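Hi,

Here's the structure I promised to pass on.

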Amino acid sequence: MHPSIEKAKEQGRHLLEPEALGLLQDHGIAVPRHAVVRAENEVLEAADGFGWPVVMKIVSPDILHKTESGGVILNIQNEKQAIDAFSRLTSLRSGGARVEGCIIYPYQSHDLEFSVGMLRDPQFGPVITFGLGGVWIEVFRDITYGIAPLSHEEADDMLQSVRAHSILEGMRGRAPADRQALCDLLVRLSRMAMNETAIQEIDLNPIFQLEQGYFIADARVIL
Amino acid sequence: MREDIFDSFFTPEGVVFLGSIKPGKIGYEILKSMNEGGHEGKVYPVNPSGGEVLGYPVWTTLSELQERADLAVISLPQRAVGDTIVECGKKGIRAAIIISSGFSEVGNREAENDLVAVAKKSGVRVIGPNCAGLMNPWIRHFPSIEVRALPGHTAFVTQSGAFGGATLGLAEERGFGFSKFVSYGNRCDVGEIELLPYLADDPQTRVIVLYIEGIDRGREFLRVAQTASRKKPVVAIKSGRTQAGTRAASSHTGTLAGIDQIYDAAFRKAGIIRVEGIEEMFDLCQALSQCPLPQGNRVAIVTNSGGPGILAADQAERLGLDVAEPSHSLQESLKAGLSPHASLKNPIDLTVESGYEEYRTALEHVLSEYDAAVAINVATPYLDSNGIARGVIDASEKCGKPIITNFMAGRIVRKALRLLDEAGIVHLATGERCSFVLSKLAERKRILERIDVASLD
């Protein structure tokens, strides 16, 4: 069992975002540069390191749906905005939530969003999902499912079988998705789900399409 | 003792029957079905009343029976089943079909758990309880409460006895036969997972059909189904397309997932072809057991009438088949033997003036370029439908590619349909159904190509 899963289990909580990213990374999945900050000087140091703009999110075991709770601040342009964002996020503490700090990412401009997930079916075990991401996932429900573990070919079949698959090939001047990298992500996630049996659900949503690779903009791991 | 427990179930040398021998009772009806079926194996009814029934002497107790038996068919009240299983074990009977109800299906978990424990301890494998029995029509072995199946090449395993019975009734109407039939009821012991390996190696079985309401031991199921589907097509009808939302989930992924989509994924992993209902199942099983598989997706529709041909083409395209136009050179070679009014696109409309020669040569030509064909004959009384049938048959023999036919309709094509039947050519009631079947044959072909990339470990 991965140490952060063990720790979270002991404390009776799900994985915090930095832990989720660490877990993914340990399973060979590319995650964005990020830093966990607990004080203003750490905020500025991290942001300077990444270059502006940055994104900041709350890290709290009590807040599962960060956006809805005001726990995400996008497109932070400068030091002043960063300090302001940090204080707004940490003030969520007054609502009773335990706050472990904030996580900072470099801001990633993007066009297309995907989502990748995992759920553990009582009969068939880990099931990997792939679909278009962002808010539209709930409207169109254009998601494909694959039973873990996935071979590279099975992962590619999943990409091929969403209704919106032509978007992946690049249409109307859009760059095509990095299929190889997406398949690799699905395969590695499926292996991870086979090995880490304490994980009940995973949400990687949204994932931004990059010309090379992808950018996991949010990671949730439910135990 | 028999080597394979399923030989005891499907080809027993001696069958003990335990149940009511009063006419009208379920037990009696099962005994009668075995008797009328005419299986050569010995049948030994056991009932405390003794005497004789349907020409068999009745033994008053199982322990008194001196003869050797390898299968017990039990239709006793629930409370008597456990002790009977113990006695079967003592007698060396290793296989039992338990028709009796009153177990988990009515919430009596405890009785079922007890039964499982007793059977395990006694070394008896169980089909049931609360099931409709099984059949092996090839040896006329019918320990079942349902309509006796005709012999055929489809093995049918059903979770629902009633659905199984209805299917057998419809199959009889259609002249559709079965290699094996199993209704496993509550599945307290033997289910799909145990039956699939046996059926995959059963020489009479060419296609395996599963009617599934729910699977337990899912991962094991995937493994055995995948192994079976490398050998033979496995077709599933899964009921209960329940919508998402019943799951207690914290993530988007979890909340959006429907049970049904997960079954689809599981079937894909296992190499199982899913169909929606009985009619589709019959059409497909017939084709799977009689036709070669297409090498690819390209389908030609050959017809003598526009409308039905277009409907078939539309359906083919909707289901992902490629209904491309013939190449220029193919059009040229088709043109030579056909009426000047013939349409050489796809559908290829030979017009109503065509008979044996036109169908045969057109099909032979198109199958040099296409992977499969639908041959449609919309008959009129003056048309030589028998000739058209012979044209299709000869082309099919020569090309070795799948041709599914649709001859419409009724009395005027009856003789032609008989010719097709005798030649083993599948004929279906509409061109759309022909296209559906071809799309599934193509799916089977893909499954065989892809099954080795579906990983399970």
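This is a predicted model: local features need pLDDT of at least 70, side-chain atom pairs count only at pLDDT 80 or more; totals for chains, interfaces and linings use all residues.

I started with how the two domains of chain B meet, where nine residues of domain 1 of chain B are in contact with eleven residues of domain 2 of chain B. On the domain 1 side, helix H10 of chain B (residues 278-290) gives the largest share, seven residues. By class, that side of domain 1 divides into five nonpolar, two polar and two charged residues. For orientation, the domain assignment puts domain 1 of chain B at 1-290 and domain 2 at 299-445. Their centres, taken over C-alpha atoms, are 39 Å apart.

Next, the two chains. Chain A puts 27 residues into the contact and chain B puts in 22. On the chain B side, the elements giving two or more residues are helices H7 (218-231), H8 (252-256) and H9 (259-270) of chain B. The chain B side is made up of ten nonpolar, eight polar and four charged residues.

Last, the inside. The largest nonpolar core has 205 residues, and those touching the most other members are Leu186(A), Ala96(B), Val299(B), Leu363(B), Ala373(B) and Leu438(B). Helix H8 of chain A (residues 179-195) supplies the largest share of this core, eight residues.

Cheers

Technical notes
Residues are numbered from 1 along each chain as its sequence is written. Chains are lettered from A and ligands numbered from 1 in the order in which they are written. A nonpolar core is a set of buried Ala, Val, Leu, Ile, Met, Phe, Trp, Tyr and Cys residues joined through C-beta atoms within 7 Å. A residue is buried if 20 or more other C-beta atoms lie within 10 Å of its own, exposed if 12 or fewer, and partly exposed in between; C-beta atoms are placed from the backbone. Helices (H or I, at least four residues) and strands (E, at least two) are DSSP runs, numbered from the N terminus. Domain bounds come from an automatic or database domain assignment. Two residues are in contact if their C-beta atoms, placed from the backbone, lie within 7 Å. Ala, Val, Leu, Ile, Met, Phe, Trp, Tyr, Cys and Pro count as nonpolar, Asp, Glu, Lys and Arg as charged, and the others, Gly among them, as polar.
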